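These are my notebook entries on one structure. I set down what I looked up, entry by entry.

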Amino acid sequence: MADRIQLLPDNIANQIAAGEVIQRPASAVKELLENAVDAGATEIKLLVNDAGKALIQVIDNGVGMSETDARMCFERHATSKIQNINDLFHIRTMGFRGEALASIAAVAQVEMRTKRDQDEAGTCIEIENSVVVKQSPVAMVTGTSIAMKNLFFNVPARRNFLKSNPVELRHIVDEFIRVALAFPHIFFSLTNNGQQLFHLDAGSLKQRITQILGSGYAAKVVPVKEETDYLNIHGFIGKPETAKKTRGDQYFFVNNRFIKSPYLNHAVMSAYQDMIPADSFPMYVLFIDLDPAQVDVNVHPTKQEIKFEDEKIVYAFVQAAVKHALAQFSITPSLEFDL
Ligand code: ADP
Ligand code: MG
């Protein structure tokens, strides 16, 4: 019998791999916003059309790329952020897998313009099915603009799985908010079909929270701030009166990365104990910062699930910090401290 195994062509392999990273417009939005943050941008604009199905464009004023890097960045496993496996445990950037742009280039029509400060001209590059179809110099200011059109144009089965525009836009807004909350010192805007949905001037975390979650929170949040040798926590928690019947406004960030953690959520909830009705959820925006060696962020392609080296310590710390914050604002009558 003849041999049957063959290597898949790069563009097919990329399309398959893209399935893990880019499931819907919002996943691409997350990757592009994080790249802009990693590039040191102070202004990041997100433009979408038809909830990202027709167009997703991110324009930043970050460091930009050289002509060669502008081609390289679309290769799989191409990254400037790590060089070896040990770097994974010192990671300070949002990205490191070098897969996002390769995935995007495999499932959308991409046009990127980028320029570094030291270069006279920028580079404009167009990619389709993972292949560069055009490249030329372009006059522009320092930074990067990436536009991806017609997501999944070449993977009809995937395109058919996309939900209605309002649903996909909701997912985009969720990802946008998570990044915007984590970096209040960066200006962000979001426009859909020419209509501006967010315009977030740079400012403090409290300002960012009220810009996004509503000005009503200004008088209804309590600051949290605790520092130990092992970890720091800061942010804001809602007074008990902010508790709602829906889980909505609850955000955890570990080293500035939004994470989903039922375990840590439980730590916060337990600190409120009898102060809020059962089945209601207080607002919180909490940042935990610790040595990157103490967390593994590489357990899931989207990096929203992470593993702590010592989960119990983090739990106890979060619970104590929230109790302490509530107590300081004399919101609770009786308390025991764990730390
Ligand atoms: P990762 O972010 O994991 O490194 P990506 O595929 O998202 O992988 O990006 C590949 C590389 O392209 C990055 O490491 C970075 O060097 C470069 N890059 C991507 N987006 C930008 C940007 N907006 N500005 C400057 N460089 C960028
Ligand atoms: Mg990236």
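**Entry 1**

I began with the pairing of Ile44, whose bridge partner in S2 is Asp60. I note at the outset that this is a predicted model.

I then asked how many bridges join strand S1 to strand S2, and in which sense the two strands run. There are six, between residues 43–49 of S1 and residues 55–60 of S2, and the strands run antiparallel. I looked up Asn49 as well and found Leu55 as its bridge partner in S2.

**Entry 2**

I looked up the pairing of S2 with strand S6, residues 143–149. Six bridges link S2 and S6, in the antiparallel sense. Leu55 has Lys149 as its bridge partner in S6. Leu55 is therefore bridged to Asn49 and also to Lys149, in keeping with the strand order, in which S2 stands between S6 and S1; the edge strands, by contrast, have a single partner each.

**Entry 3: the eight-stranded sheet**

I traced the whole sheet to which these strands belong. It is open, has eight strands in the order S5-S4-S3-S6-S2-S1-S7-S8, and its pairing is mixed.

Which strands stand at the edges? I found strand S5 (131–138) and strand S8 (195–200) there. Each has a single partner strand, so one side of each is left without a neighbour in the sheet. The twist from one strand to the next averages 10°.

**Entry 4: the five-stranded sheet**

I turned to a further open sheet, which has five strands in the order S9-S10-S13-S11-S12 and mixed pairing. Its edges are strand S9 (221–227) and strand S12 (257–259). Because each of these has a single partner strand, one side of each is without a neighbour in the sheet. Here the twist averages 20° from one strand to the next.

I checked strand S11, residues 250–254, against S12 and found three bridges in the antiparallel sense. Val254 stands opposite Arg257 in S12.

I then looked for helices on this sheet. H6 packs on the sheet and touches S11, S12 and strand S13 (284–290). The direction of H6 makes about 55° with that of S11. Helix H9, residues 311–328, also packs on the sheet, where H9 touches S9, strand S10 (231–238) and S13. The direction of H9 makes about 135° with that of S9.

**Entry 5: the two domains**

I looked up how the chain is divided and noted domain 1 (10–200) and domain 2 (215–328). Their C-alpha centres lie 29 Å apart. Twelve residues of domain 1 are in contact with twelve residues of domain 2.

Which elements give two or more residues to the side of domain 1 that touches domain 2? They are helix H1 (10–21) and helix H6 (165–182). H6 gives the most, with three residues. By class, this side of domain 1 has seven nonpolar, two polar and three charged residues.

**Entry 6: the shell around ligand 1**

I counted the residues around ligand 1 and recorded 23, the closest being Asn35, Ala39, Cys73, Thr79 and Gly95. Two elements give two or more residues to this shell, namely helix H2 (25–38) and helix H4 (100–107).

**Entry 7: the chain as a whole**

The chain has nine helices and 15 strands. Along its principal axes the C-alpha trace spans about 70 × 55 × 40 Å.

I also compared the radius of gyration with what a compact globule of 339 residues would have, which is near 20 Å. The chain has 22 Å, which agrees.

Terms used. Residues numbered from 1 in each chain as written. Chains lettered and ligands numbered in written order. Predicted model: local features only at pLDDT ≥ 70, side-chain atom pairs only at ≥ 80, totals over all residues. Near = placed C-beta within 6 Å. Helix = DSSP H or I, 4+ residues; strand = E, 2+ residues; numbered from the N terminus. Domains from an automatic or database assignment. Contact = placed C-beta atoms within 7 Å. Nonpolar A, V, L, I, M, F, W, Y, C, P; charged D, E, K, R; others polar. Pairing = 2+ DSSP bridges. Axes fitted to C-alpha atoms, helices over the stretch in contact; angles between N-to-C directions. Rg over C-alpha atoms; globule rule 2.2 N^0.38 Å.
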